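This report describes the architecture of each chain and then the contact between them. The sequence and structure come first.

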Amino acid sequence: MKLAELQGLFWRSVRFDPMPPELEEHFLDQGALAARARMKLYQDGYWFRQVDALFECFPRLADALGAEVFTRTVCRYLTEHPSRAPMLERLGAQLGPFLARQQDPAVAALAHLASLEHARMEVLIAPQPRAIAAASDIDPETFALASIEPSPALQLLRLRRDAVSRWEASCAASAPALDNALAPVAVWRKGHTLHQQILDEDEAQALDLALRQASIAEIFDCFAEHPTPERRAFQALTAWLQRHWICSFLTPPSP
Amino acid sequence: MTSLPRGLHGFGLRTSHYDELLGSSSIDATCAEIISENVVGRGGRPLALIEHVRSQMPVFLHGVSLSIGGMDPLAVDHLRAIRELADQIDCPLVSDHLCFGTHGGHFGHDLWPLPYTEEALDHVAARVRQAQDILGRRLLIENVSSYISYRASTMTEWDFLAALCERADCLLLFDVNNVVVSAFNHGFSEDDYLAGIPAHRVAQLHLAGHSDQGTHLFDDHSSPVPERVWNLYRKTVQKMGDVPAIIEWDGNVPELERLVDESRRARREEQAALAEAP
């Protein structure tokens with residue numbers, strides 16, 4: 001058997017139960033442990049390490065489901081979604097959508113909590129912002145046409161309100177009432193600290209445009225319906241700078 | 001080539017110690033090691049920590065996901081990012097493991113052993129050379145602990161490592177604990193292993209604990225370095241000299257001071273072994 005085939009056999013042996021029948025043809029029984037028992041050590045390690053990592057990355061989800069259901073659920077998830085990233089923290093990237101597809105409504109209802117916890121992890125490990133913009137970086141001559149370079153440690157999500165409430169609750173016993181209305185939620189890192197906040201709809205629309213490289217003028221249009229649009233836009237921009245959401249203002253090229 | 005560091009003793013940086021380390025301006029160690037995947041391409045505390053520790057001592061980068069023996073293409077972008085960070089912090093030693101951990105684009109998050117065959121040797125040597133070209137420096141390859149052997153193997157692990165060093169012109173990270181664990185699990189002699197390793201290629205050592213499961217030793221890094229590992233460490237120092245040594249502790253991680261104590265002991269053991277050397 002060639003190297004590639006042996007590695008394929010090893011992979012199937014750790015991933016699937018029962019292990020392939022040809023295992024003993026290619027691995028040695030040694031001492032007190034037969035080849036199959038030896039491979040079981042790797043199989044146990046594969047599942048334990050990844051389930052353990054998901055417990056660490058999704059503590060609120062694990063609380064909400066209980067350890068036994070959480071373990072069963074994430075084992076099904078890992079069977080369907082073997083890891084595609086070298087970092088264990090990225091293992092749960094598809095867990096939210098996976099939960100949303102589950103038939104058990106109690107499990108499916110927690111999909112947004114999983115998405116929130118994964119977003120928090122992504123923001124925690126996001127690269128360092130290249131710079132942090134200040135109000136003094138604003139050039140009044142080009143400001144309206146400039147766009148924003150957002151921090152890599154910022155995400156905007158739309159989540160069920162009860163997912164946010166559940167995250168904020170300290171344990172499952174105090175789980176909030178069901179509320180499947182969607183709310184815009186910003187998750188960001190400032191320094192070494194994670195933050196999250198439900199945004200007003202106008203600010204969420206403005207941030208969504210900013211993340212898509214719209215101009216400041218287009219971003220500020222989101223506040224046009226506000227009784228004092230200029231004040232509201234100024235407040236939002238000031239808050240974004242204070243939260244370290246902006247790396248720089250990108251001046252458009254001259255025509 | 002810049003000269004390799006000597007006579008350094010330290011420990012692996014673990015998340016539970018980050019706050020204490022960030023608040024400390026005088027860590028009683030002379031080197032440290034961080035898991036590359038915990039810092040490359042990421043911001044926040046790990047990056048702040050590495051910059052803080054770097055101001056006090058050399059920091060080595062130790063990878064766990066390169067899958068140098070795997071069949072998937074090497075993660076070129078990841079290697080470039082390691083090079084960028086290594087240049088930035090003037091990192092003297094960059095390492096990963098002799099193993100595979102990927103298959104078909106998927107990650108196993110483990111260090112799976114390879115068959116020790118000519119085919120595997122050719123494959124790994126080519127990938128080590130490719131990795132070194134991207135890294136712009138020689139890579140240290142670490143022997144893993146293992147629990148299973150392939151019928152296809154035609155050479156010992158130490159012969160494979162020695163041949164790999166010649167073919168790829170790479171260096172070795174000699175994990176003393178892994179030799180003890182694998183020697184028990186496969187029934188070979190620790191002394192034969194040590195004798196087969198080319199001393200001039202060894203640029204770093206690892207020391208760690210394991211647990212005795214009766215039928216096998218389990219490499220869990222969850223306890224102090226056992227006497228059996230210290231014994232082999234002394235022999236290793238007598239053969240290889242004052243190669244930098246790192247204490248690894250990953251499970252039931254103790255207070256930082258306990259880790260520092262272990263690295264102090266490594267320094268004492270090294271001095272005693274060198275004094276006794278024939």
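In this predicted model, strand S2 of chain A is joined to strand S3 (residues 182-190) of chain A by 7 bridges, and the two strands run antiparallel. Within this pairing, A:Arg160 stands opposite A:Leu182 of S3(A). The two strands belong to an open sheet of 3 strands in chain A, ordered S2-S3-S4 with antiparallel pairing. Its edges are formed by strand S2 (154-160) and strand S4 (193-198) of chain A, each of which pairs on one side only. From one strand to the next, the twist averages 25°. Helix H10 (residues 201-211) of chain A lies across S2 and S3 of chain A, and runs at about 135° to S2(A).

Chain B contains a closed arrangement of strands. Here 8 strands form a barrel in the order S1-S2-S3-S4-S7-S8-S9-S12, with parallel pairing. One of the pairings joins strand S2 (residues 31-35) of chain B to strand S3 (residues 59-62) of chain B through 4 bridges, the strands running parallel. In that pairing B:Ile35 is placed opposite B:His62 of S3(B).

Helices of chain B pack on this sheet. H6(B) touches strand S7 (140-142), strand S8 (171-175) and strand S9 (202-207) of chain B, and its direction makes about 65° with that of S8(B). Helix H9 (residues 256-276) of chain B touches strand S1 (9-12), S9 and strand S12 (245-247) of chain B, and its direction makes about 145° with that of S1(B).

| Helix | Reference strand | Angle between directions |
|---|---|---|
| H10(A) | S2(A) | about 135° |

The interface between the chains brings 41 residues of chain B into contact with 41 residues of chain A. The size of an interface is often given as the accessible area lost when the parts come together. Chain B and chain A bury about 3,800 Å² between them, with 62% of this area on carbon and sulfur atoms. On the chain B side, the residues losing the most area to chain A are B:His109, B:Ile148 and B:Arg151, which together account for 19% of what that side buries.

Polar interactions also cross the interface. There are 19 residue pairs in polar contact between chain B and chain A, both residues at pLDDT 80 or more. Elements of chain B that each supply at least two residues to the side touching chain A are helix H2 (45-54), strand S5 (100-103), strand S6 (106-112), helix H4 (118-135) and helix H6 (176-186). The largest share of that side, 7 residues, comes from S6(B). By residue class, the side of chain B that touches chain A divides into 15 nonpolar, 20 polar and 6 charged residues.

Across this interface 2 salt bridges are found. A:Arg49 and B:Asp110 meet through their side chains in a salt bridge, at 3.4 Å from N to O.

Over all chains the count comes to 37 salt bridges. Among them is a pair in chain A, where the side chains of A:Glu68 and A:Arg72 meet at 3.5 Å, N to O. These two residues are separated by about one helical turn, because they are 4 residues apart in helix H5 (residues 67-80) of chain A.

How values were computed: Residues are numbered from 1 along each chain as its sequence is written. Chains are lettered from A and ligands numbered from 1 in the order in which they are written. This is a predicted model: local features need pLDDT of at least 70, side-chain atom pairs count only at pLDDT 80 or more; totals for chains, interfaces and linings use all residues. Side-chain values use heavy atoms; hydrogens and water are left out. Contact means heavy atoms within 4.5 Å. Buried area is the accessible area (1.4 Å probe) that two parts lose on being put together, summed over both. A salt bridge is a side-chain nitrogen of Lys or Arg within 4 Å of a carboxyl oxygen of Asp or Glu. A polar contact is a pair of N or O atoms within 3.5 Å; within protein, one must be able to donate a hydrogen and the other to accept it, and residues adjacent in sequence count only if both atoms are side-chain atoms. Ala, Val, Leu, Ile, Met, Phe, Trp, Tyr, Cys and Pro count as nonpolar, Asp, Glu, Lys and Arg as charged, and the others, Gly among them, as polar. Two strands pair if DSSP finds at least two bridges between them. Axes are lines fitted to C-alpha atoms, for helices over the stretch in contact, and angles run from 0 to 180 degrees between N-to-C directions.
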